[in-house]
Amino acid sequence: TFKKFPVKYGDYTAWVKATTDAGTLYSGSKISPISPSNFTTLEVSDVDLSPESGTEDSTEFTWEAEIISGSEPEAWLNIVNPNQPIINRFAMDVDSASEGSWTARFEKTLMDATVYSYWIEADNGSRRESSEVYSVETEPGLGWGGYGDVDCDMTVPIDYIFIQNAIDAASEGDVICVEAGTYYENLRLDGKTIQLKSLNGAASTILDGTGLGPVVDISNGSAAVIDGFTIQNGFDPFGGGISINASSPTVQHCRITENDFYGIGIMDSATPVIQNSVIASNDKRGVYVSNWSDPEFNNVVIADNGTAGLSANVYSNVTLSNSMVVDNWDEGLAADSTSTVVDSTNNVHGNILGNYEEGTAAGVGSISVSADFVDSTWYRLNSGSRGIDEGNSSAAFNDQNGSRNDMGAYGGPLGNW
């Protein structure tokens, strides 16, 4: 017995064949036609909204849609407010308009001054279909385009409900902006060079992998930019938070935390730049580097991870500067006999099995003292921390206020996040 629903309306044929364990093919069954009468047409069309926009105070809107169906359908209106990025789902009133045609209707007052996205979904018991996604603006010009200094080619969840759909639709060089919210997705950037930017920062824009794979998988030569997310609850033996393979992305202003296995896995001749980010409280290593990879880390915190802070393996060379590698449960930094970790102006301290192990050593300007963080979530430095004004003395690394680089995730020209 096998059951499958035909996803498109049309003529189908079906037959059955069988093989033995040895692979001998037995003759197939007769070919049976499946005619269109075996399942029901369903289409959501002519979606109408009145009025077309609203005032900043409040406006009652009316949604109507025509549904083509041979049997009475159910219909729902789905609305997303970018200030509260969850899908609000409302049952619509459905009335017969003519034979095979139905009208779905719903009224609701929208209170916020923003841009809502919406679509209509219908189900007649045999099929489920959705309209395209539309948007409505409750105050002209507010919340659409601009976004400060960020020039967005598309925005989630306004243009696309899911980030992966936006990635799939993006062209090389596109900027995908993401509004605040928690997005339960496992993102794949397979060879694409795009920018994925949060509009409200890592504290309010969360990518959650739900333990179903790496949260962000970057592969096949991608030079993407990932900017401004908390990346959590991923699972992968080679990088639960971010898995980077044969690619050269830039990851910045991110908090990578509570992922199974490693916070970041870097493999197969990858050359990423990781800067102004926190990699903390992951199940095993904070960072695992292997297979001829040469990553660069600048102004990062690698702390409180379940085993090592950072390890380099199999002819890999890591550059680490202006960073803090502290309080990890195994060694702080480690490298096998084929690999190196170039350490300069870092604070490596308090790691349970040693700060420098297996061929690593303190470099020029590095220290080993208590980090003195404000908290163990964002790992900001207290005003009296030794890491203040202790990073690279070159003006190119200065903080935004012109002072010498602060070690950790908030130092340097990109440290204001």
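Student: Trp-63 and Tyr-118: buried or exposed?
Tutor: Both Trp-63 and Tyr-118 are buried. Keep in mind that this is a predicted model.

Student: How many aromatic pairs are there in the whole structure?
Tutor: A search of the whole structure turns up twelve aromatic pairs. Trp-63 with Tyr-118 is one of them, and it is edge-to-face, because the planes sit at 75 degrees. The ring centres are 5.9 Å apart.

Student: Where in the chain do those two sit?
Tutor: Trp-63 is in strand 6, residues 59-69. Tyr-118 is in strand 11, residues 115-123. They are 55 residues apart, so this pair links distant parts of the chain.

Student: What about Trp-292 and Tyr-315?
Tutor: Those form a stacked aromatic pair. The distance is 5.4 Å centre to centre, with 10 degrees between the planes. Trp-292 lies in the loop between strand 30 (287-289) and strand 31 (296-303). Tyr-315 lies in the loop between strand 32 (310-312) and strand 33 (317-321), so the pair ties together parts 23 residues apart in sequence.

Student: Why does Trp-292 count as exposed?
Tutor: Because its relative accessibility is 51%, and exposed means over 50%. Tyr-315 has a relative accessible area of 46%, so Tyr-315 is partly exposed.

Student: Which rings link into a cluster?
Tutor: Phe-235, Phe-238, Phe-261, Tyr-262 and Tyr-288, linked by ring pairs. Phe-261 also has Lys-284 over its face, at 4.9 Å from the ring centre.

Student: And what does Arg-380 lie over?
Tutor: The face of Tyr-410. Arg-380 is 4.0 Å from that ring centre.

Student: Switching to cysteines. How many disulfides?
Tutor: The count comes to one disulfide. Cys-152 is joined to Cys-177, with S to S at 2.0 Å.

Student: Which hand does that link have?
Tutor: Left-handed, with -90 degrees about the S-S bond.

Student: Where are the two ends?
Tutor: Cys-152 is in the loop between strand 13 (134-137) and strand 14 (154-156). Cys-177 is in strand 15, residues 175-178.

Student: Cys-177 and Cys-254: buried or exposed?
Tutor: Cys-177 is buried, with a relative accessible area of 0%. Cys-254 also counts as buried, at 0% relative accessibility.

Student: Last one, the surface. Which residues form a nonpolar patch?
Tutor: Trp-329, Ile-352 and Leu-353. Together they have about 360 Å² of accessible area. Trp-329 sits in the loop between strand 34 (324-326) and strand 35 (333-335). At 53% relative accessibility, Trp-329 is exposed.

Terms used: Residues numbered from 1 in each chain as written. Predicted model: local features only at pLDDT ≥ 70, side-chain atom pairs only at ≥ 80, totals over all residues. Heavy atoms only, no water. Patch = residues over 30% accessible without salt bridge, like charges linked within 9 Å, V, L, I, M, F, W, Y side chains within 5 Å. Areas by Shrake-Rupley, 256 points an atom, 1.4 Å probe, with all protein chains shown as cover. Salt bridge = Lys/Arg side-chain N within 4 Å of Asp/Glu carboxyl O. Helix = DSSP H or I, 4+ residues; strand = E, 2+ residues; numbered from the N terminus. Buried < 20%, exposed > 50% of the residue type's maximum accessible area, 1.4 Å probe, protein only. Phe/Tyr/Trp six-rings, centres within 6.5 Å; stacked < 30°, edge-to-face > 60°. Lys NZ or Arg CZ within 6 Å of the ring centre and 35° of its normal. Disulfide = S-S within 2.5 Å.
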